[in-house]
Amino acid sequence: MRSTDSLPRSVLTRIAVVYIRQSTPVQVRDNLESQRRQYDLVEVARRHGFARVDVIDDDLGLSASGAVARPGFERLVARLCAGEIGAVLCFEASRIARNGRDWHHILELCGLVEARVIDQDGIYDPRHPNDRLLLGMKGTISEFELGILRARMYDAARSKAARGELRICVPIGYVWDRQTGLGFDPDIRVQEAVRQIFSRFRELGSARRVFLALTAEQRCFPRPSDGRTIVSFDWTPIRYRNVISVLKNPFYAGVYSYGKSESRAEIIDGHVRKTYGHRRPMEEWEVFLKGHHEGYIDWSEFERNQAQLAANAYGKAGGKKSGRGGRALLTGLLTCGRCGRGLAVAYAGRPPGRPMYRCDRPNLQLGLDRCLGFGGTRVDAAIAQEVLRVVEPMAIEASIEAERMIEKGLRERARVAELDLEQARYEASLAERRYAACDPDNRLIAAQLEKSWETALQRVQACEARLDAMSAPDAGAVVPDLAGLAADLKAAWNAPGVTMHARQRLVRTLIADIVADVDEEAREVILTIHWQGGQHSQLRVRKPRTGEHGCRTSDEAMAVIRSMAGRWSDDHIAASLNRMGMHTGQGKSWTGKRVSSIRRVNGIHAHFAAYKDGKWRTMLEAATELGVTSHVIRRLIKTGELPARQVVPGAPWQIRVADLQAKNVVRALANRRRRSPRRPSGQDQMSMFSDS
């Protein structure tokens with residue numbers, strides 16, 4: 001340690017740097033005396049004889065443990081390397097560094113450029129062994145002190161958390177009270193928003209479906225006004241992350257947990273950098289206390305929810321998938337009877353395509369042959385028919401339960417609307433009181449308070465209108481006759497308003513799993529149905545042959561085409577099929593071209609005039625071509641002057657084009673025209689009426 005007189009002129013002509021730092025933003029805001037004492041080092045530097053003094057305070061609020069980047073420290077090192085600094089002034093060693101690497105790096109640079117280190121105890125020259133030893137001890141003590149403080153603080157927090165008394169940040173729906181401790185949020189509207197998520201998940205079984213249902217009902221979810229502390233809320237439209245965070249948080253099941261995340265360190269550019277918030281598996285949490293507080297759900301329901309969420313995730317094994325809609329009824333329910341893997345759904349043909357069930361994971365992952373695959377249309381129809389057969393004895397009870405669930409849903413929505421209205425009225429009353437307490441002459445404030453009051457009143461009107469709309473009966477709404485639908489389950493199943501998602505939910509309520517296999521010799525799909533409750537049954541569905549599809553023309557339509565093909569044209573057959581209410585395999589109406597296509601595919605021959613190849617004519621076509629009536633052509637056929645044929649008696653006449661140009665036909669037509677009576681011309685006939 002040196003005196004002031006020992007500072008050489010070469011040092012005093014350079015710059016003295018005062019390095020100022022505080023560890024946290026809270027210290028920067030509250031510990032103002034520490035800041036003042038550090039800034040006073042500027043006067044200390046001037047008393048030591050330095051004419052130029054710079055202050056580096058870029059690192060206020062940053063830790064010196066070496067885990068975070070410090071731009072001010074980097075600037076100090078750069079200026080030392082440039083030889084601009086004659087002395088580094090700090091309040092104590094811990095202000096410059098709390099780790100040995102940074103501290104000794106500064107000492108090494110000061111020794112190389114002959115700079116001094118000055119603190120409240122004196123002046124040090126790092127070139128001298130005694131000063132270097134003393135500075136090294138100060139840095140070691142500073143680093144050790146930080147470790148002691150951190151260990152003491154963390155041990156106290158862990159000890160308190162092990163008893164469940166550490167007041168950790170709680171999720172929305174809970175609050176810490178000074179007297180009673182942890183409990184539900186006293187705001188009933190907040191409690192109802194959380195409970196709605198759990199009740200909808202019990203009903204729908206999918207977080208995504210819960211989010212869509214609540215969004216369709218225009219539900220809102222509380223969000224902290226400042227984004228962090230749960231003191232006041234802003235009600236915003238619900239988001240998917242709100243739903244998934246509530247479902248996956250064990251705190252709602254009465255579990256107090258601590259140590260759920262960890263920090264990780266890595267070396268970046270020669271410096272240690274720590275990152276926080278890395279999630280640990282649940283079995284590695286430091287504190288896990290079940291039954292610590294009252295939960296919105298119990299632990300068993302929380303475990304079921306996690307299992308359902310894991311099964312819903314794409315590519316996750318185990319458990320049935322929730323019904324998410326789509327065009328396949330059995331998505332996530334089918335299991336391969338050969339390898340035990342779940343069957344995937346693919347869509348073939350033109351959009352929207354026909355569903356197909358395949359076990360192709362061995363092919364995709366291992367390069368093996370595909371286990372099996374079959375079309376989904378016939379299988380879905382067979383399972384639907386089997387489900388309706390099983391449900392039929394309980395149809396009346398199911399309809400009563402459906403009515404009860406509808407009424408319960410209406411009551412829940414009305415309750416939420418009432419809570420929204422109550423909150424809106426309170427906010428309007430609060431805005432009114434604020435406006436009344438304001439000086440009306442102060443228009444800068446009164447205008448804003450008046451606008452806030454008006455906005456609150458508009459929200460009250462919107463909530464009242466929404467509640468009135470729920471209470472008033474809708475004259476245009478059709479009340480579903482559930483008792484009538486119970487008598488005709490097939491009509492209820494195929495009703496236009498029933499979505500595939502609703503059918504999937506019904507199937508999953510009754511069926512736990514379906515094991516599928518294919519009997520290639522019998523061309524049948526074997527379905528082993530595992531019903532809820534432990535019962536099993538087997539169902540066989542015929543597998544179509546290669547090239548066979550579901551858009552096949554009905555047998556009734558084919559019988560009509562075969563019976564009429566030899567006697568009538570394709571247009572006549574199409575008209576008859578349309579009059580009988582029959583459709584094509586694709587559900588379309590019949591035309592002559594479609595009848596002709598069906599005939600060619602099935603090898604059904606028609607009369608020659610139907611081919612339209614220019615060689616044959618019908619009676620009407622022949623009459624039109626010769627410019628006569630059909631009676632003339634019929635008389636020529638009867639007299640044998642015009643050759644013609646019929647497939648069967650009573651069928652349309654078929655006339656060869658070449659026969660129409662024969663000499664005897666031309667002569668017969670000419671003779672008939674000469675023998676036909678001629679009406680006199682009216683040019684010379686006198687009018688019955690005079691011009692007058």
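With which residue does Arg189 form a salt bridge? The partner is Asp420, and the closest N and O atoms of the pair are 2.7 Å apart. A salt bridge here is a side-chain nitrogen of Lys or Arg within 4 Å of a carboxyl oxygen of Asp or Glu. Helices (H or I, at least four residues) and strands (E, at least two) are DSSP runs, numbered from the N terminus. Arg189 is buried, at 6% relative accessible area. Asp420 is also buried, at 11% relative accessibility. Buried means under 20% relative accessible area, exposed over 50%, and partly exposed in between (1.4 Å probe, protein chains only).

The model is predicted: local features need pLDDT of at least 70, side-chain atom pairs count only at pLDDT 80 or more, and totals for chains, interfaces and linings use all residues. Residues are numbered from 1 along each chain as its sequence is written, and side-chain values use heavy atoms, with hydrogens and water left out.

The protein chain has 26 helices and 22 strands. Of its 692 residues, 37% count as buried. Among contacts with a separation of 6 or more, 59% come from residues 24 or more positions apart. Contact means heavy atoms within 4.5 Å.

The structure holds 35 salt bridges. One of them joins Arg389 to Glu386, with the closest N and O atoms 2.5 Å apart. Both residues lie in helix 14 (residues 376-391). They are three residues apart, about one turn of the helix. Glu386 is buried, at 14% relative accessibility. Another salt bridge joins the side chains of Asp519 and Arg540, at 3.9 Å from N to O. This pair links distant parts of the chain, with Asp519 in strand 18 (residues 511-519) and Arg540 in strand 20 (residues 536-542), 21 residues apart. Asp519 is partly exposed, at 23% relative accessibility. Arg540 is partly exposed too, with a relative accessible area of 43%. Salt bridges with shared partners also join Asp155, Arg158, Glu262, Arg264, Arg280 and Glu286 into one network.

Strand pairing comes next. Strands of a sheet pair through backbone hydrogen bonds, either parallel or antiparallel. Two strands count as paired if DSSP finds at least two bridges between them. An open sheet of three strands has the order 15-16-17, with antiparallel pairing. Its edge strands are strand 15 (344-348) and strand 17 (373-375), each of which pairs on one side only. Neighbouring strands of this sheet are turned by 30° against each other on average, direction ignored. Axes are lines fitted to C-alpha atoms, for helices over the stretch in contact, and angles run from 0 to 180 degrees between N-to-C directions. Strand 15 and strand 16 (residues 354-358) run antiparallel and are joined by five bridges. Ala348 has Arg354 of strand 16 as its bridge partner. Helix 14 lies across strand 16 and strand 17, and runs at about 90° to strand 16.

Strand 14 (residues 334-336) pairs with strand 18 in the parallel sense, over three bridges. There, Leu334 stands opposite Ile514 of strand 18. Strand 18 and strand 19 (residues 524-531) run antiparallel, joined by eight bridges. Ile514 has Ile529 as its bridge partner in strand 19. The hairpin of strand 18 and strand 19 has four residues between the strands. In this hairpin, Arg523 takes a positive phi near 55°.

Helix 10 (residues 207-216) has buried residues Ala207, Val210, Phe211 and Leu214. Seen down the axis of helix 10, the buried residues fall within an arc of 100°, so they line one face of the helix. The arc is that of the directions from the helix axis to the C-beta atoms. The cover over these buried residues includes helix 9, helix 11 (240-248) and helix 12 (299-312). At the start of helix 10, a side-chain oxygen of Ser206 reaches to within 3.4 Å of the backbone nitrogen of Arg208. Gln218 follows helix 10 and has a positive phi, near 60°.

Terms used: A polar contact is a pair of N or O atoms within 3.5 Å; within protein, one must be able to donate a hydrogen and the other to accept it, and residues adjacent in sequence count only if both atoms are side-chain atoms.
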